[in-house]
Amino acid sequence: MRSVEIRGKRLRLREVTIDDVDALHAVYGDPTATEHLPFDPRTREEVEETIVEAMKARTAEPRLLYVLVVTGLDDGDAFGVARLHIEADHPHSAEIGLGLRPDQWGRGIGTDLIRLILAFGFRDLRLHRIWGARSPANTAAQLAMLVAGMVEEGRIRHHVRARGTWRDSIVHSALEDEWEGHRDV
């Protein structure tokens with residue numbers, strides 16, 4: 001299986017490695033960074049387990065899970081993660097998720113990241129539908145998804161339990177034929 005690397009105008013996405021534990025823990029273990037994510041902050045050991053699972057998923061046939069580290073083009077320092085999970089029963093559809101260190105927020109990186117993941121899913125993986133869910137309070141994710149060309153579909157009530165309470169999710173999606181106008185990555 002070939003290794004995935006995606007380059008955009010500002011970002012590079014590459015396969016996660018065990019060397020990324022600390023960089024991903026800076027996202028997955030940070031209470032601010034995970035405030036709107038569907039899980040509580042993770043320990044370093046839990047992040048390492050997630051990376052090991054992602055590395056194993058690379059060899060699956062067909063491959064259904066892609067976990068990619070987000071870096072800048074110049075320095076290669078990891079500051080985020082993108083995940084694309086193809087549905088086994090519906091291999092034309094995939095769910096995306098992303099996380100960025102808080103010091104990267106407010107710079108349009110989320111929008112660029114979503115555009116890169118959509119391009120990878122539609123162009124390289126030949127998917128028909130890509131969707132993602134966000135916390136209703138995460139208006140930055142809402143804006144990033146809309147600007148990247150995703151459409152808000154609706155609300156799933158009490159979809160996620162995190163930090164001891166139930167939370168709704170707002171679903172956004174893009175279809176391959178709608179995505180045509182948003183290819184500028």
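I began with Val81, which stands opposite Gly99 in β5. I was working on a predicted model, in which local features need pLDDT of at least 70, side-chain atom pairs count only at pLDDT 80 or more, and totals for chains, interfaces and linings use all residues. Residues are numbered from 1 along each chain as its sequence is written, and side-chain values use heavy atoms, with hydrogens and water left out.

**Entry 1: the strands.** I took helices (H or I, at least four residues) and strands (E, at least two) as DSSP runs, numbered from the N terminus. Two strands pair if DSSP finds at least two bridges between them. I found β4 (78-87) and β5 (90-100) paired in the antiparallel sense over eight bridges. A hairpin of two residues joins β4 to β5. The hairpin of β3 and β4 has five residues between the strands, and Gly76 takes a positive phi near 75° in it.

**Entry 2: burial.** I used relative accessible area: buried is under 20%, exposed over 50%, and partly exposed in between (1.4 Å probe, protein chains only). β4 is mostly covered, with seven of its 10 residues buried.

**Entry 3: helix α1.** In α1 (residues 21-28) I listed Val21, Leu24, Val27 and Tyr28 as the buried residues. Seen down the axis of α1, they fall within an arc of 125°, so they line one face of the helix; the arc is that of the directions from the helix axis to the C-beta atoms. I recalled that an α-helix has 3.6 residues a turn, so residues three or four places apart point the same way. The buried residues of α1 pack against α2, β3 (65-72), β4 and β5.

**Entry 4: Ser169.** I located Ser169 in strand β8 (residues 165-175). Is Ser169 buried or exposed? Ser169 counts as buried because its relative accessibility is 0%. Its contacts (heavy atoms within 4.5 Å) include Ala133, Arg134, Gly154 and His159, not counting residues up to four places away in sequence. The side chain of Ser169 also makes a polar contact with the side chain of Arg167 (3.2 Å). A polar contact is a pair of N or O atoms within 3.5 Å; within protein, one must be able to donate a hydrogen and the other to accept it, and residues adjacent in sequence count only if both atoms are side-chain atoms.

**Entry 5: Lys56.** I placed Lys56 in helix α2 (residues 44-57). Lys56 counts as exposed, at 58% relative accessibility.
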